[in-house]
Amino acid sequence: MKTASLKWLYPLFIFSIFIFFVPTQTLLLETIKIGGVKPDLGLILSYLIGLGWGRNRGLFWGLLLGGFQDFFSIGSVGPHFLFKGLIGFGTGLLETFFLYFSLQAHAIVVFLISLLHDLLGEVLFRGANGGLMGVSYSMLGRGFYNSSIVMAVLFLVLKQARLEDFLIGKGTR
Amino acid sequence: MFFVVIGIYKKPIQWVESLVGGGIYAVQEGTYSVVSGVKGVFTHYFFLVGLSDENPQLKKEIERLSGEINRLKEKEALADRLQRMLNFKERSPLTLIAANVIGRETGPWFQTFMINKGQDEGILVDMGVIVPTGIVGKVVKSFPHNAQVLLMTDTNSAIAAIVQRTREEGIVQGMGGNLVRLKYLPRVAEVLEGDILITSGLEGSFPKGLPMGRIKKVEKPEDSFFLNITLTPEISFSKLEEVLVVSLKETLPPKDADAEGNAVPEPPNH
């Protein structure tokens, strides 16, 4: 698959994010909850965008998706915004390193990112209320869920093209 | 005369007749069986050809009817829920605003949901949200046409409560998941597992006497002045589809409550 042939995806992606991100996260993913745990689409997309389109777009989309999540959440604007931005930027920064990772290695990285993300949130939002419970089953479940989805997406992408071809923003970054 | 002659001559050839007739009969019967069998095969074949044409149509019809049954079941469940809400609303002296749940929390850290009514419909921050079987939470954000509700199971939620039997007061705080705890009840408090908790009405979001849940576990830690009390709310928060928002204008106890504000809880079938 040629790099240029995927460029049309970008505006479509932007449009889809604006329209579907919040309904998908708040409604659609509710229907695929397992044991009360649903995946974090913001985290998944931030990781994939950082991996696919580099640090600048990773940062931009991470901040945007996190901002959306913060806006439609009751917490102050900031945590999702910051964490997702960092995930997008960090993944983009380590993109060439991640390029040689197997699917399982990506799954482990996403699992650990998800766990850290949830733990930080736990400390921020529950620690103050004395409700800090440490690593919970739901965190582990969410980590597993997020990593499985990332692995599935990467598998589908890699089935179609090499990861280098997935990096469609190379010339424009 | 002719018949007499025939009759005389017939007797000796009867055995020939029965022999030939028996043989023919056997052949006849065999042929009949074969013909019937072949006919049956053809009949079945054509019948099956007809069936194979009919089968997709019937499958489609079954699918359509299954969909129709599901739709009707859904409508029945909706009508049932709305009827219960309406009954509750009519009996209650409170100003209640019915709303649909249109979305859940975006992240993993809070337990909230979104409703389809907002400032334009009179929904304000801090209004209580209930269902006929108990309280759900409070409005924490209000937009023109929608609002966000914090569930009582969230760790950031705190609601003043009374133990219905002993009248002891405490604060109900969420613990995440589907658990809630009752805080600040002294060690000497005589609460038992199974006691019902009701709202105290002190904080203004809820009237006095709305059911909050039952005490599930009571622990007396050695190193604390207070009891550790865990509750089980009688609501399945993840299955809520319609809720009632309590307007802050009126905070009278519900009609079902007795003189002291004790609620008469409805069967937990939400």
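Biologist: Why is strand S5 of chain B largely enclosed by the rest of the structure?

Modeller: A residue is buried if 20 or more other C-beta atoms, placed from the backbone, lie within 10 Å of its own, exposed if 12 or fewer, and partly exposed in between. In this predicted model, 5 of the 5 residues of S5 (residues 147–151) of chain B are buried, so the strand is largely enclosed. Strands here are DSSP runs of E, at least two residues, numbered from the N terminus.

Biologist: Which residues cover the two faces of S5(B)?

Modeller: Ala147(B), Val149(B) and Leu151(B) are buried on one side, and Gln148(B) and Leu150(B) on the other.

Biologist: Which strands pair with S5(B)?

Modeller: Two strands pair if DSSP finds at least two bridges between them. S2 (residues 112–115) of chain B runs antiparallel to S5(B), with 4 bridges, and Met114(B) stands opposite Gln148(B). S4 (residues 134–142) of chain B is also antiparallel to S5(B), over 5 bridges; there Lys138(B) has Leu150(B) as its bridge partner. A hairpin of 4 residues connects S4(B) to S5(B).

Biologist: How many residues does each chain give to the contact?

Modeller: Two residues are in contact if their C-beta atoms, placed from the backbone, lie within 7 Å. Chain B gives 19 residues and chain A gives 21. On the side of chain B, strands S1 (96–104), S2, S4 and S5 each supply two or more.

Biologist: What should I know about the numbering and the cut-offs?

Modeller: Residues are numbered from 1 along each chain as its sequence is written, and chains are lettered from A and ligands numbered from 1 in the order in which they are written. The model is predicted: local features need pLDDT of at least 70, side-chain atom pairs count only at pLDDT 80 or more, and totals for chains, interfaces and linings use all residues.
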